[in-house]
Amino acid sequence: MTPNNAVFNKILIANRGEIACRIIKTAKQMGIVTVAVFSDADRDSLHVSMADEAVHIGPSPSNESYLVIDKIIQAALISGAEAIHPGYGFLSENAQFCKQCKIHNLIFIGPPVEAILAMGSKSAAKNIMAKADVPLVPGYHGDNQKPAVLKQAADDMGYPVLLKAAAGGGGKGMRAVAHADEFEEALAAAKREALNGFNDEIMLVEKYLLGPRHVEIQVFCDQHNNAVYLFERDCSVQRRHQKVIEEAPAPGMTEELRQRMGEAAIRAAKAINYQGAGTVEFLLDTRGEFFFMEMNTRLQVEHPVTEMISGQDLVEWQLRVASGEPLPCTQDQLQIKGHAFEARIYAEDPENDFLPATGTLSLLRPPAESAYVRVDTGVVEGDQVSIYYDPMIAKLVVWDRDRERALARLTEALSNYRIAGLTTNICFLYNLATTHSFRRGDVDTGFIEKYESEIFRQRSEDINYGAPLAAEAILAARQDSAKQQAAQSSEPNSPWHLANSWQANSITKPRVQVKIGAREITVEADPNNLNTQLKVVAADTESFNLFTDQGVFHCSEVKPDLGLQDNQADGNLTAPMNGTVVTLLVKSGAPVSKGDSLMVIEAMKMEHAIIAPADGTVSEFFYKEGELVDGGAELLAFAESEEAQ
Ligand code: ADP
């Protein structure tokens, strides 16, 4: 890339984490000086050290720093930046921010304010798209928000329906409703989440399509009326309506359908005089019909898969277009080469409803980067994943000449990703990527639920496969540590240091008791014939992850139990993390059934239900609605009913 003086001299990046680092990288290559902004929590973070300059913008909570328009504008003015790149999230789709940039003569690296406003509300957007002849998901997107009107709309279109916050994003403020009698409760919950997250409780009711795919089109428009689409991304694999693995091109996509979707996306962009990078999201049904869902007026998290298959740098395009240059390419010059995947590496616990995790990245060794493997991250070993921001650790992006090879790259890279200090979703991603259905490209938005047992490895045949391998891994580790001890010992030839000394004079193979997933199992293994191909990654000192071609297994050696195990459901339930009590759903003393929701906690803008572990009663709630709770705090006292015991 040659430095181009026509583009900016200096830009400010109004973001943090991996996307700030990603933008700085391209800006540097283009010879542009970069200014970072940072909160208290981010004082020593990677994006600050990568930027040429950095401005402190306040305390850690984002509504006191990264979301404060004035502070960002002031930082840009003080540092002499000509333009602001908002990244994604935070202020990236905030019309007020875009306006303020203009007022202060700063270029907003994104679309014009009118385009943000047009797409800012999912309901308003649907009205515009209908006029532009873009097919819509059937549903109600009217102004009358009376619960009875919304309910009537749902009854008329037939269940299941999906309630969606018009101002929503990131899967928040969304509730699927299977039956009419669940409507009111779901509406209340969706509105609460929407008010909390977006300060706006306007709802859409959509027909809930079953098993669609999420296929989105990357569009780009300049200030000279040129527009292109950079093909599609399939983002069907989702949890809680949030993307987990994205790929480009979409498996099974035909040239004809791609062109139809691409042209519809361009119609959508042109209908609002779009400029810059945008994404038009569609649901694609099994018959090949597609329906507009929304347009995101920013660079998407998953933009790297498009970069990998198109060979273009989308941040460079953004900077050029924002400075007034024409698009670098015409539609005819764009071509798809190979296949790419992106897996979002999160600090979260997939086994516990994907609850965000926090902590210190005491070990962080990503796989080596190459022409095939790219790691976009904003953290280094020793950094904290805090409660303040999104707990994404990195985006692992892989490319190869076809889907099968790219997928092999993905699983290999995942099995080489070493993180300790907090819970991550790496094993979950690996299991997901190695399922037969994913290998076949047979994906839809219900994928994770549909293949839950395979992804979470609960099937007995998986355990029977994994357990002997786990036993071998344990024996191999014992041999290693025995060898190390022998090497350090004053008597290196002592028989006590023989790796297999515990079975001296014995022809029986040692028995190892392993815990694999939630099951404990005793297996025999031959210490003289251990499989050295096993890939083992230590999760902590007690347990390890075993990567096999049939998925990854979380294992540990079962040591003799010296204490009494308390298997009773009686006792206290604790807060999964720092948060606020949103609502108490049952009365103290009233009988509840196992699996009932007892109370709702809001943390990181998501609601988490606290579930009854058995039939019984809540003897006492320790918190009231609206109170703050610390992670780990006891929330309520629960008494299991006599019959249930
Ligand atoms: P957000 O802006 O919160 O990301 P979207 O409108 O983009 O919300 O929807 C997120 C995801 O929810 C989609 O990718 C899709 O999986 C699912 N979804 C949205 N609308 C529907 C629908 N009408 N039917 C089925 N699934 C839907």
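Let's start where helix α7 meets helix α8. On the α7 side, the residues in contact are Pro-147, Leu-150, Lys-151 and Ala-154, and on the α8 side they are Phe-183, Leu-187 and Lys-191. Sorted by class, that contact of α7 with α8 has 5 nonpolar residues, 2 charged ones and no polar ones. One thing to keep in mind as we go: this is a predicted model.

How do we describe such a pair? Two packed helices are described by the angle between their axes and by the distance between those axes. Here α7 covers residues 147-157 and α8 covers residues 183-198; they pack at an angle of about 120°, and their axes are 11 Å apart. The two helices are therefore oblique to each other. As for handedness, α7 and α8 make a right-handed crossing.

You'll find Arg-22 in helix α1, which spans residues 17-29. Is Arg-22 buried or exposed? It is buried, with a relative accessible area of 7%. Leaving aside residues up to four places away in sequence, Arg-22 touches His-303, Glu-307, Asp-313, Leu-314, Val-315, Arg-374 and Asp-376.

Two of those neighbours, Leu-314 and Val-315, bring us to helix α11, residues 314-322, whose axis comes within 9 Å of the axis of α1 and crosses that axis at roughly 65°. That makes α1 roughly perpendicular to α11. This crossing of α1 and α11 is right-handed. From α1, the contact uses Arg-22, Ile-23, Thr-26 and Ala-27; from α11, it uses Leu-314, Val-315, Glu-316 and Leu-319. By class, the contact of α1 with α11 divides into 5 nonpolar residues, 1 polar and 2 charged.

Next, a look at helix α5, residues 113-120. Which of its residues are buried? They are Val-113, Ala-115, Ile-116, Ala-118 and Met-119.

On to the cysteines. How many disulfides does a search of the whole structure find? It finds 0. Take Cys-98: the closest cysteine sulfur belongs to Cys-101, and at 6.4 Å that is too far for a bond, since a disulfide needs the two sulfur atoms within 2.5 Å. Cys-98 is also buried, at a relative accessible area of 7%. Then there is Cys-329, which is in no disulfide either; the nearest cysteine sulfur, that of Cys-221, is 14 Å away. Cys-329 counts as buried too, with 14% relative accessibility.

Last stop: a loop. Val-380 is found in the loop between β20 (373-377) and β21 (384-385). How does Val-380 count in terms of accessibility? At 39% relative accessibility, Val-380 is partly exposed. Apart from residues up to four places away in sequence, Val-380 touches Leu-46, Leu-361 and Leu-364.

We saw α7 and α8 packed at about 120°, and α1 crossing α11 at roughly 65°. We also met the buried residues of α5, a structure with 0 disulfides and a partly exposed Val-380. Thanks, everyone!

Terms used
Residues numbered from 1 in each chain as written. Predicted model: local features only at pLDDT ≥ 70, side-chain atom pairs only at ≥ 80, totals over all residues. Heavy atoms only, no water. Axes fitted to C-alpha atoms, helices over the stretch in contact; angles between N-to-C directions. Helix = DSSP H or I, 4+ residues; strand = E, 2+ residues; numbered from the N terminus. Parallel < 35°, antiparallel > 145°, perpendicular 65-115°, else oblique. Left-handed = near helix turned anticlockwise from the far one by under 90°. Contact = heavy atoms within 4.5 Å. Nonpolar A, V, L, I, M, F, W, Y, C, P; charged D, E, K, R; others polar. Buried < 20%, exposed > 50% of the residue type's maximum accessible area, 1.4 Å probe, protein only.
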